[in-house]
Amino acid sequence: FSPWEHPDHPPFIEFRNVTKKFGDFVAVNNLSLEIYEREFFALLGGSGCGKTTLMRMLAGFETPTSGQIFLDGQDMAGIPPYRRPSNMMFQSYALFPHMSVEKNIAFGLKQDKLPASEIDARVAEMLRLTKLEQFAKRKPHQLSGGQRQRVALARSLAKRPKVLLLDEPLGALDRKLREETQFELMNLQTELKVTFLIVTHDQEEAMTVADRIAVMDKGELVQVATPAEIYEAPSSKFVADFIGDINLIEAKITEKSADGVRLQPVKGGFTIDSDQTSDADVGDTVWYAIRPEKVRIAQGRTEEGAVNQVGGVVWDIGYLGDVSIIHAKVGADHHDTLRATFANVSRMVENPITWDDEVVLSFGRDAGVILK
Ligand code: ATP
């Protein structure tokens, strides 16, 4: 069930025309966004795009300059952070160094004056969910980075917030631990049925954990969609470039019909036939964007007059283990570069394709997208 596909389903979090200025600087610009209950939602963008500011306004640590924020049907204006049904886990974790793991987890519950039996039950539940039972009596300095991260998570979830806000939660972990923890976060979210909002600048992380992603640039949303939609159908050159690797070929539209367009790369040398429709006109220059794994590569020469086929010469190969990224100089006078992914399916010491090889790169009508 994907609530965002049902327009009559009420959003759980709503930003309505929210602007945040710091002096003259506009950090968030008239932004509207709806997030649904139990979604794992990611705010993704480069440094300074306003993603943390947006999250801090939801948490109540910043006040919008204008606009409204609703959480669970309630206007959050004037409501202090501790009275909101959200809880934020900070990048620094902010654990109390002199308290044991269980005391850290219990801290917020004691402040809320919950009965001791309820506190004990919740701490035990959180220790189990975050696999920290054996570390309950340890102090933060006796834990690894990954364990400390789990304590911070347990502490923010113990209060049973309706929304957990995660600001770069895995930033301090090494790659392997990060990947493991991403799956733990997803399991935890499924088990606890809490809405998760994560801020990250790491596109792989957003793609892995999130049901939907909002890509931000300069205080505005540039695309809100599922990871697959963002990857397969980026709405702009910015998004295409930001998420994963992509070839961007500047090309002129030479023909338009009901079932697609034909393009001529500006640097010449081949013809592109695409099933995409475009609101650009014949004669306009656009970007043809195609992922390297959608480009086939083989040794040899192109056929005369072939469409979606271009000859090239290999000038660089990046060996990544599972695949190699092959950079080929293509087009008239080899002025363009096209990258193709080559799957290393058999165990070989040397690639069958190597430097200076003459190659043919080809792709389907449905392989790329047309962007402005
Ligand atoms: P990063 O990943 O680097 O943290 P971000 O997308 O989370 O980036 P924000 O922290 O939301 O960015 O900041 C957005 C912009 O607003 C930045 O240019 C930042 O310098 C500015 N900004 C944030 N907080 C303040 C503040 N309290 N006073 C003045 N400017 C601020």
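**Sheets, ligand shell and helices**

Student: What is the order of the strands in the open sheet of four strands?
Tutor: This is a predicted model, in which local features need pLDDT of at least 70 and side-chain atom pairs count only at pLDDT 80 or more, while totals for chains, interfaces and linings use all residues. Residues are numbered from 1 along each chain as its sequence is written. Helices (H or I, at least four residues) and strands (E, at least two) are DSSP runs numbered from the N terminus, and two strands pair if DSSP finds at least two bridges between them. In this open sheet the pairing is antiparallel, and the order is β2-β1-β4-β5.

Student: Which strands stand at the edges there?
Tutor: An edge strand has a single partner strand, so one side of it is left without a neighbour in the sheet. The strands in that position are β2 and β5 (74–75).

Student: In β4, which residue is the bridge partner of Arg16?
Tutor: Strand β1 (residues 13–22) and strand β4 (residues 66–71) run antiparallel and are joined by five bridges. For Arg16, the partner in β4 is Gln68.

Student: What is the phi of Gly23 in the turn between β1 and β2?
Tutor: β1 pairs with strand β2 (residues 25–35) in the antiparallel sense over seven bridges, and Glu14 stands opposite Glu34 of β2. The two strands form a hairpin with two residues between them. In that turn Gly23 has a positive phi, of about 65 degrees.

Student: Which element gives the most residues to the shell around the ligand?
Tutor: A residue belongs to the shell if its C-beta atom, placed from the backbone, lies within 6 Å of the molecule; among those that surround the ligand are Phe22, Phe25, Gly48, Lys51, Thr52 and His201. By class the shell has four nonpolar, seven polar and one charged residues, with Ala, Val, Leu, Ile, Met, Phe, Trp, Tyr, Cys and Pro counted as nonpolar, Asp, Glu, Lys and Arg as charged, and the others, Gly among them, as polar. β2 and α1 each supply at least two residues of the shell. The element that gives the most, with three residues, is α1.

Student: What is the average twist from one strand to the next in the open sheet of six strands?
Tutor: This sheet has mixed pairing and the order β6-β7-β8-β3-β9-β10. Its edge strands, β6 (86–89) and β10 (220–225), each pair on one side only. With axes as lines fitted to C-alpha atoms (for helices over the stretch in contact) and angles running from 0 to 180 degrees between N-to-C directions, the twist averages 20 degrees.

Student: What angle does the direction of α1 make with that of β7?
Tutor: On this sheet, β9 (residues 212–217) pairs with β10 in the antiparallel sense over five bridges, and Met216 stands opposite Leu221 of β10. Helix α1 (residues 51–59) packs on the sheet, touching β3 (40–45), β6, β7 (163–167), β8 (195–200) and β9; contact requires C-beta atoms, placed from the backbone, within 7 Å. The angle between α1 and β7 is about 150 degrees.

Student: At what angle to β6 does α4 run?
Tutor: Helix α4 (residues 145–158) lies across β6 and β7. Its angle to β6 is about 170 degrees.

Student: How are α2 and α3 oriented relative to each other, parallel or oblique?
Tutor: Helix α2 (residues 101–111) and helix α3 (residues 116–129) pack at about 135 degrees, with their axes 10 Å apart. Angles under 35 degrees count as roughly parallel, over 145 as roughly antiparallel, 65 to 115 as roughly perpendicular and the rest as oblique. That makes α2, relative to α3, oblique.

Student: How many charged residues does the contact of α3 with α4 have?
Tutor: The axes of α3 and α4 come within 10 Å and cross at roughly 140 degrees. The contact is made by Arg122, Val123, Met126 and Leu127 of α3 and Ala154, Leu157 and Ala158 of α4. By class there are six nonpolar and no polar residues, and the number charged is one.

Student: In β14, which residue is the bridge partner of Ile249?
Tutor: Strand β11 (residues 247–257) runs antiparallel to strand β12 (residues 260–265), joined by six bridges, and the two form a hairpin with two residues between them. Six bridges also join β11 to strand β14 (residues 285–290), again antiparallel. There, Ile249 has as its partner Tyr288.

Definitions and conventions. Two residues are in contact if their C-beta atoms, placed from the backbone, lie within 7 Å.
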